[in-house]
Amino acid sequence: GGPPPPQQQPQPGHAVEFDHAIHYVTTIKKRFANDPRTYQTFLEILHTYQKEQRGIKEVLEQVSNLFADHPDLLKEFTFFLPDAVQEQAKER
């Protein structure tokens, strides 16, 4: 098998989602301005997910723990997840 095709083609609505993601990350950074470790941990979770292709459920678990006291951030995080995972997140 050859190398996988580059996933550079933006899907419709992708730009909006990207802007939302940037805005969301900025919100986290500001929220945890006095606790930069939380922000760093969040970035590490995402980085590890991308690098090691972790299961999205595992990522959701880690983020749930990280934002246990910030349900609004956690709820917004689920917007970026695949639909199937969103359903599971709602059931909890």
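Lysine 57 has a relative accessibility of 52% and counts as exposed. The classes are set by relative accessible area: buried is under 20%, exposed is over 50%, and partly exposed lies in between, with a 1.4 Å probe and protein chains only. This is a predicted model, in which local features need pLDDT of at least 70 and side-chain atom pairs count only at pLDDT 80 or more, while totals for chains, interfaces and linings use all residues. Residues are numbered from 1 along each chain as its sequence is written, and side-chain values use heavy atoms, leaving out hydrogens and water.

Now the overall plan. The protein chain has five helices and zero strands. Its pattern along the sequence is α-α-α-α-α. These elements are DSSP runs, numbered from the N terminus: helices are H or I with at least four residues, and strands are E with at least two. The protein chain has 92 residues, and buried ones make up 25% of them. Contact here means heavy atoms within 4.5 Å. Of the contacts with a separation of 6 or more, 53% join residues 24 or more positions apart.

Lysine 57 belongs to helix H3. Which residues of H3 are buried? In this helix, residues 56-66, they are Ile56, Val59, Leu60, Val63 and Ser64. They line one face of the helix, because they fall within an arc of 135° seen down the axis of H3. The arc is taken from the directions that run from the helix axis to the C-beta atoms. An α-helix has 3.6 residues a turn, so residues three or four places apart point the same way. On the other side of H3, Lys57 and Asn65 are exposed. Glutamate 58 is also in H3. It is partly exposed, at 38% relative accessible area.

Next comes the interior. A nonpolar core is a set of buried Ala, Val, Leu, Ile, Met, Phe, Trp, Tyr and Cys residues, joined through side-chain atoms within 4.5 Å. The largest one has 15 residues, of which Tyr24, Ile28, Phe42, Val63, Phe67 and Phe77 touch the most other members. H1, helix H2 (36-52), H3 and H4 each supply at least two residues of this core. H3 gives the most, with four residues. Beyond its neighbours within four places in sequence, phenylalanine 42 contacts Tyr24, Val25, Ile28, Val63, Leu66, Phe67 and Phe77.

How many salt bridges does a search of the whole structure find? There is one. The term means a side-chain nitrogen of Lys or Arg within 4 Å of a carboxyl oxygen of Asp or Glu. The partners are arginine 31 and aspartate 72, with their closest N and O atoms 2.7 Å apart. Arginine 31 lies in helix H1 (residues 14-31) and aspartate 72 in helix H4 (residues 71-78), so the pair ties together parts that are 41 residues apart in sequence. Both ends are partly exposed: arginine 31 at 35%, aspartate 72 at 41%.

Glutamate 76 also lies in H4. It is buried yet has no salt bridge, and the nearest side chain of opposite charge, arginine 31, is 7.0 Å away. In this count Lys and Arg are positive, Asp and Glu are negative, and His and the chain ends are left out. What does the side chain of glutamate 76 make a polar contact with? Its partner is the side chain of histidine 20, at 2.8 Å. A polar contact is a pair of N or O atoms within 3.5 Å; within protein, one must be able to donate a hydrogen and the other to accept it, and residues adjacent in sequence count only if both atoms are side-chain atoms.
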